[in-house]
Amino acid sequence: MPPSIDDYLTRLRQELQRHGCEDARLIEEAREHLADGIDEGLRRGLTADEAEREAFERFGPPEVIARSTLKERTGMRNWLGAVAATLWRWKWWLIAPTLVAGAASSAISYYFLPTRYRSETVIQIQSPGDTLVGAARLPATHEQFERIAKNALSRTQLERLIQDVGLYRNERAREPLGDVVRRMRQNIGVEFLGGDNDPSADDGGTFVVSFKSPDPRMAMLTTTRLAGMLVEQNLRERQAGFEATGQVLEAQISDMRQRLVTQEAQLAQARASGQSVPDADALAYQVLRDAYKTLLVRREEARSVEGFEPRYSRLRFQITEPARLPEHPEGPSKLGVNTAGTLAGFGLGLLVVGIRGRSTAAL
Amino acid sequence: MNAETLKGHLDLLLLSALQPGPAHGYAIAEKLRARSDGTFDLPEGTLYPALHRLERASLLASHWSEVNGRRRRVYQLTTTGQRALTTRHDEWVEFSRAVHAVVGGHA
């Protein structure tokens, strides 16, 4: 009497467990395989016992199958050795793209990625903190700074700088000046760093002006000129602010005077006709006089040398770190580019070897 | 045939058996036995670990399929498996021709 399929599968499961390679899928496949084998034997006219015995014999002893399973898996566990053997076998497919990519990245970085030097200067902004002009509030320091930077680095100003300093000679020979200015803007850095203290206090701050160029001397020279342009633009705006403030004061004084004269005339007329002046009108007149007096004092202060302080743009720029000649290139890192290129070539080689190895190696 | 000798070529035999189309384990075993006229008579149970290994290597793919109320794991060649079969077949032809050239005269 042969064992049943279930008995056989129990033994197979035990053998697989004993060999440390349990495999539920293998058990399921074995069940179907044995059932197919028995059916086939019955079709050939065997008895049920004979068909089962033949199916089990053909499938093989459970311990043999367990050993075979373990062997196949152990082979997979040693895949590192197989990978190493594959790499060695196809080593030139690995070495060649690595060398080619390394050489190509070196050539590209040499011809198309010129070394860039960056020079920078640090400018301190001093803000008086009083941001009121009459009843209007001045923009915050960073807003004033952005406006100044925008005006200072206008296209016209940069075109003049390019021609003065002699920047981008080759580019100017083949590109419109507008394109060259765009190219230059990409190499200019103007970064507002805010104040050292509480940002909400709006007590000034610092900003860094930088310029990148393949020529370190040109980087330093252009950075110096850019910083100068910003300082000059601020001075122009301070002067314009002073003039604007004077005009505002004059307008306020004129208006106040007009109102004061009218009020005085009304009070004189009332007194002449023997009428009593209400306290409210007398008080309003007094307030008007005080306000007018205050305006007159402010105008005198503005006119005095000590009191000169424009009330529109009140920032003061002070260069705290002048531009220096850069000693080291900022980038691109040719070592980095070459390494990346070489690694890319190595990766490509690995891919090729992997594909070829999988297609041909005995796994 | 010596089982160890046969195992050396088991991958090629399994890949070749699946070249005409997908098949389940029992059909593969039948095909090997029939085509070799009984020469390849491995314990059929040992085919499954080999099939599983080839699947892990992406040379084969498999899925459960139900036919006439019976669940069967059906195997088929992948593109990678097809390429591997071509390569190994060429290598085998070359190898067998060389072996035959050397030992053929003594047969």
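This is a predicted model: local features need pLDDT of at least 70, side-chain atom pairs count only at pLDDT 80 or more; totals for chains, interfaces and linings use all residues.

Colleague: How many residues are in contact between chain B and chain A?

Modeller: On the side of chain B there are 36 residues, and they are in contact with 31 residues of chain A.

Colleague: What area is buried there, and what share do carbon and sulfur atoms give?

Modeller: The area buried between chain B and chain A comes to about 2,800 Å². Carbon and sulfur atoms give 48% of that area.

Colleague: How many salt bridges does the rule find across the interface of chain B and chain A?

Modeller: The rule finds eight across this interface. One of the salt bridges joins the side chains of Arg71(B) and Glu28(A), at 4.0 Å from N to O.

Colleague: Which parts of chain B supply the side that touches chain A?

Modeller: At least two residues each come from helix 3 (25-35), helix 4 (47-56), strand 2 (60-67), strand 3 (70-77) and helix 5 (79-103) of chain B. Helix 4 of chain B gives the largest share, seven residues.

Colleague: What is the make-up of that side by class?

Modeller: The side of chain B that touches chain A has 15 charged, twelve nonpolar and nine polar residues.

Colleague: Changing topic: at what angle do helix 1 and helix 2 of chain A pack?

Modeller: Helix 1 (residues 5-18) and helix 2 (residues 24-43) of chain A pack at about 145°, and their axes are 10 Å apart.

Colleague: Is their crossing left-handed or right-handed?

Modeller: The crossing of these two helices of chain A is right-handed.

Colleague: Which residues meet there?

Modeller: From helix 1 of chain A they include Leu9(A), Leu12(A) and Leu16(A), and from helix 2 of chain A they include Ile27(A), Leu34(A) and Ile38(A). By class, the residues of this contact are eleven nonpolar, three charged and no polar.

Colleague: Which residue does Arg31(A) meet in a salt bridge?

Modeller: The side chain of Arg31(A) meets that of Asp6(A), at 3.0 Å from N to O. This pair links distant parts of the chain, 25 residues apart, with Arg31(A) in helix 2 and Asp6(A) in helix 1 of chain A.

Colleague: How many salt bridges are found over all chains?

Modeller: A search of the whole structure finds 28.

Key. Residues are numbered from 1 along each chain as its sequence is written. Chains are lettered from A and ligands numbered from 1 in the order in which they are written. Side-chain values use heavy atoms; hydrogens and water are left out. Contact means heavy atoms within 4.5 Å. Buried area is the accessible area (1.4 Å probe) that two parts lose on being put together, summed over both. Helices (H or I, at least four residues) and strands (E, at least two) are DSSP runs, numbered from the N terminus. Ala, Val, Leu, Ile, Met, Phe, Trp, Tyr, Cys and Pro count as nonpolar, Asp, Glu, Lys and Arg as charged, and the others, Gly among them, as polar. Axes are lines fitted to C-alpha atoms, for helices over the stretch in contact, and angles run from 0 to 180 degrees between N-to-C directions. A crossing is left-handed if the near helix is turned anticlockwise from the far one by less than a right angle, and right-handed if clockwise.
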